[in-house]
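Welcome! Here is a short briefing to read alongside the structure.

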Amino acid sequence: MSDDDLIDRTLELAARGKGQVSPNPLVGCVIVKDGKIIGEGWHKKYGEAHAEIEAFRNCTTDPEGSTLFVNLEPCSHHGKTPPCSDLIISKKVARVVIGTPDPNPLVNGKGIAKLRAAGIEVIVAGNEATCAELNKFFFKSVKENKPYLAIKAAQTIDGKIADHNGSSKWLSCEESRAYVHQLRAGYDAVLTGINTVKTDDPELNVRLAEGRDPHIIIVDKYLEISAAAKLFSVNSPRKIFIITSEKNRANIPSGLSDRVSEFLFVSEDGQGRIRIEEAFNSIMKTGISSIFVEGGAGIYSYLISNNLFDEILIFYTPKMLGSGLSVFNTAVPIGLNAAISLRLRDVIRFGDDILVNYRRI
């Protein structure tokens, strides 16, 4: 197997940690000696052993003189675990192949430098972009200190996300909904607006796929949410946050305090919309580095108008409503010369639905 093939194997292993390791990165490790894999491992849960440690634990023979493959540069600092670069040196590994350097300022080339100083050959494989893609949440959080935001919407072919009564259950097909649950399981939190909660009364959990339930973030300017909302009754260790206006500090309704993990108070802009982004710093301190946005139109419009998104996933469903709610109905008008440019990432068919995935350039 080539170096790139073995890095691809580390990515397969790393992906098994989705939904479990955040805010840490997804990392897999493979150790090869005499042309044979002698150990594999991946980072399984935040705070637990890193991939390199797991791979060494699983070695079937002495790793001295081996080649270690890992999709992300080994750490060189003390965190919840000792530096992996020190462990690699102590095991007398001869060669290390990494998928991509670690942009974390605490690492950022220091792991590579330490290994080379110890006489270990270190190279970067040819699939660096693929490795960076797997850890897009981590890269965004450490580079910009902001969470990765993906907007997901289902709309009819005439551009409506809800009918004239505001109802949107169910526009997309069952296969699409199952895939959405799979996506939810990979994000730290789901964000939605109070109108979606009042209209659809969603549970926002993972029922149609394997994985853990993400945390919930509700944008609720006037604290209108009912303590009887279904999302409060889901039996899950997830946390529920409410982003609301600074004006509500002294007006928290009875019955909500013991159901909401934290109220995040923010200011309002000139149009009376609450500044969602002011809550991001507090949200990231809880370990949330990725947010999956599921409505409604006002939230979508605010995020688009303020360039607060990284990715858009639109499910086009073969229905026509004629009238109803458009996905970005209140977005600030943008001239063609200033239009936000996107790059097509993927197109997937689910039954008669089409998912189009766009990424910001």
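Glu 121 is partly exposed, with a relative accessible area of 42% (buried means under 20%, exposed over 50%, partly exposed in between, using a 1.4 Å probe and protein chains only). This is a predicted model, in which local features need pLDDT of at least 70, side-chain atom pairs count only at pLDDT 80 or more, and totals for chains, interfaces and linings use all residues. Residues are numbered from 1 along each chain as its sequence is written, and side-chain values use heavy atoms, leaving out hydrogens and water.

- Glu 121 belongs to strand 5 (residues 121-124); strands (E, at least two residues) and helices (H or I, at least four) are DSSP runs numbered from the N terminus.
- Beyond its neighbours within four places in sequence, Glu 121 is in contact (heavy atoms within 4.5 Å) with Ala 94, Arg 95 and Val 96.
- Between Glu 121 and Ala 94 there are 6.5 Å in space, C-alpha to C-alpha, although they are 27 residues apart in sequence.

**Asp 220**

- Asp 220 sits in the loop between strand 9 (215-219) and strand 10 (240-245).
- Its side chain reaches two backbone nitrogens: that of Leu 223 at 3.1 Å and that of Ile 225 at 3.0 Å.
- Not counting residues up to four places away in sequence, Asp 220 touches several residues, including Ile 194, Ile 242 and Thr 244.

Notes: A polar contact is a pair of N or O atoms within 3.5 Å; within protein, one must be able to donate a hydrogen and the other to accept it, and residues adjacent in sequence count only if both atoms are side-chain atoms.
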